[in-house]
Amino acid sequence: VTPVDRVFVTGDITDAGTRAEWAEFLDLLRGWPALRTRLSFVPGNHDVNIIDRTNPARLELPWSAGQSLRQLRVVLALDAIQGERAHVVDRASGALGPSLNDYLRDGARGERLRTLAQRGTMRGRREMAKVWDAIFPLVEPPQAGEGYGVILLNSNARSNFALTNAIGVVNPSQLRALKLVLQKNPRHAWIILLHHHVVEQRFRHPCAEGQ
């Protein structure tokens with residue numbers, strides 16, 4: 001059997017971004033080490049925003065730790081799977097900065113994130129907000145023998161209301177960084193991953209045909 005070269009997962013790995021769901025996903029990959037090295041993923045709204053199928057009106061207070069913890073779980077999974085391959089982008093120049101693995105361990109960043117994981121501290125939440133804004137787009141440059149690189153975007157709009165959790169947007173800062181990366185590397189082909197549709201989908205009802 002010929003193995004696949006790469007596997008791309010464009011979000012909604014979990015249903016509600018819980019620790020148990022992420023643990024199950026990572027445990028599954030531990031049994032397939034070759035797959036783990038070929039896998040790249042981006043977060044979906046189910047991984048990041050509040051989800052409650054039994055109560056679509058559920059509200060999560062903006063200053064609560066819920067979303068920060070879900071973001072942290074995403075970042076830790078990114079680090080575990082592609083942290084050595086994916087690089088943070090310098091927003092001013094478009095140049096590739098440190099790997100995600102090195103970025104998360106720089107200075108006191110790791111300790112602040114640990115306080116979020118252990119105690120949900122406000123300091124940890126502030127650090128998580130900075131990290132979340134800084135790391136996307138993540139860039140996996142072309143590897144040996146590959147003619148393309150991979151750019152990972154976060155297309156999830158922040159939502160504290162279950163009914164609006166699926167809104168998608170790529171913010172201007174990410175778009176500027178994406179353009180800079182493409183401009184600085186015109187000879188590379190790029191695969192760009194994001195969770196939401198690039199354009200709005202409009203469907204016609206079959207009964208409307210011919211009207």
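**Entry 1: K184**

I started with K184 and found it in helix α8, which covers residues 172-184. I kept in mind that this is a predicted model.

Setting aside neighbours within four places in sequence, I found K184 in contact with S93, G94 and A95. K184 and G94 sit 90 residues apart in sequence, yet their C-alpha atoms are 7.0 Å apart in space.

**Entry 2: helix α7**

I checked the span of α7, residues 122-135. Its 14 residues, at 1.5 Å a residue, should span 20 Å, and I found the end C-alpha atoms 20 Å apart, which agrees.

Which residues of α7 are buried? I listed G124, R125, E127, M128, V131, W132 and I135. These cover an arc of only 160° around the axis, so they lie on the same side of α7. On the face turned away from that side I found the exposed residues R126, K130 and D133. I also noted what the buried residues pack against, including α4 (66-82), α6 (109-119) and β5 (138-140).

**Entry 3: the cores**

I turned to the largest nonpolar core, which has 30 residues. M128, I135 and L138 touch the most other members. Helix α4 gives the largest share of this core, six residues. For M128, leaving out neighbours within four places in sequence, I wrote down contacts with S68, Q71, L72, V75, L113 and L116. Apart from this core I found another, of nine residues, with I151, L153, A177 and V181 among them.

Methods. Residues numbered from 1 in each chain as written. Predicted model: local features only at pLDDT ≥ 70, side-chain atom pairs only at ≥ 80, totals over all residues. Heavy atoms only, no water. Helix = DSSP H or I, 4+ residues; strand = E, 2+ residues; numbered from the N terminus. Contact = heavy atoms within 4.5 Å. Expected span 1.5 Å × (residues − 1). Buried < 20%, exposed > 50% of the residue type's maximum accessible area, 1.4 Å probe, protein only. Arc of directions from axis to C-beta. Core = buried A, V, L, I, M, F, W, Y, C linked by side-chain atoms within 4.5 Å.
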